[in-house]
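Q: I'm new to this one and would like to learn how to read it. Can we go through a few features together?

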Amino acid sequence: MSKKIQLLFLIIFLPFIAFAEYNGHQIKFSIDFKDGSKIIGYNYLATVYQKDKSISYKEFLEKNYKTILSNQFNDLTDEYTYFQNRIKYNYNDYDGNERFIYTLTDKKGIDINSIKSLNIIELTDQSYAIGISSKHNWKDRLWMNDKPVETFYFGANLCSHTVYIHQKTNQTDSIIKQLEKISIEFENKIKEQKNIIENSNGSTVYEASDEIDKLEEEIGTEISKLLQKFDEMKVVILTMCSC
């Protein structure tokens, strides 16, 4: 499968595969504290196995709210956390279909022993194989509501990245050119190794296959490094991956 065909496969079909195999939920909830105070918060949670089928999944999570609040990242924050804000990003996929995805901002620790109860307000399907990989803060929601002026697609191994440019600058143009350049370079190198495999008598097949694997890892790393240069710019990066 060529890189272009593989990328098209990821962009078009992965959203449907991901919802089936990598399901999770964006959760909006309220927390009542023992001191009488109350907050609204957000978190993302991959689907959890529910042994007790006598209650709904929503009730199951509310009963086991530690699971919702458990910090899923090794980021030196508290053991239990939530996000104070959530941005809804509307976008068009490769076929032009209108879709939306959430990204969470303003993470905060919470004292689990101070909680009286947690009530789920919204439980929204969102695959953990698809997400906004660019960094954003709450104020970014203002320009993220505007339609992007340019959209680009880049793929590496089993990941695809859709880059939505909301403000075109010399810097964004430069990064896009670099991304296009290395994509073509790696595609040509991989094509060379595939030609070796097709024309080989068997002695160089394994070496060429190993070289393809190495190249695919390298291009993934190089693309990730370049995408990070969009930080602090008015750019949204939607990443889809499959193992």
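Predicted model: local features only at pLDDT ≥ 70, side-chain atom pairs only at ≥ 80, totals over all residues.

Q: Is Asp93 buried or exposed, then?
A: Asp93 has 13% relative accessibility, so it counts as buried. Its salt-bridge partner is Arg99, with the closest N and O atoms 2.7 Å apart. Arg99 comes out at 26%, so that residue is partly exposed.

Q: How many salt bridges are there in the whole structure?
A: A search finds six. Another of them joins Lys58 to Glu62, with 2.9 Å between the closest N and O atoms. These two sit four residues apart in helix H2, so about one helical turn separates them. Lys58 is partly exposed at 32%, while Glu62 is buried at 17%.

Q: Which residue forms a salt bridge with Glu150?
A: That's Lys168, at 3.3 Å between the closest N and O atoms. The pair links distant parts of the chain, with Glu150 in strand S7 and Lys168 in the loop between strand S8 and H5. Asp173 belongs to the picture too: Glu150, Lys168 and Asp173 are linked in a network of salt bridges.

Q: Where is Thr172 found?
A: Thr172 is in helix H5, which covers residues 170–198. With a relative accessible area of 1%, Thr172 is buried. A polar atom of its side chain lies 2.8 Å from the backbone oxygen of Thr169. Among the residues Thr172 touches are Phe230 and Met233.

Methods:
Residues numbered from 1 in each chain as written. Heavy atoms only, no water. Buried < 20%, exposed > 50% of the residue type's maximum accessible area, 1.4 Å probe, protein only. Polar contact = N/O pair within 3.5 Å; in protein donor to acceptor, adjacent residues only side chain to side chain. Contact = heavy atoms within 4.5 Å. Salt bridge = Lys/Arg side-chain N within 4 Å of Asp/Glu carboxyl O. Lists of a residue's contacts leave out its neighbours within four places in sequence.
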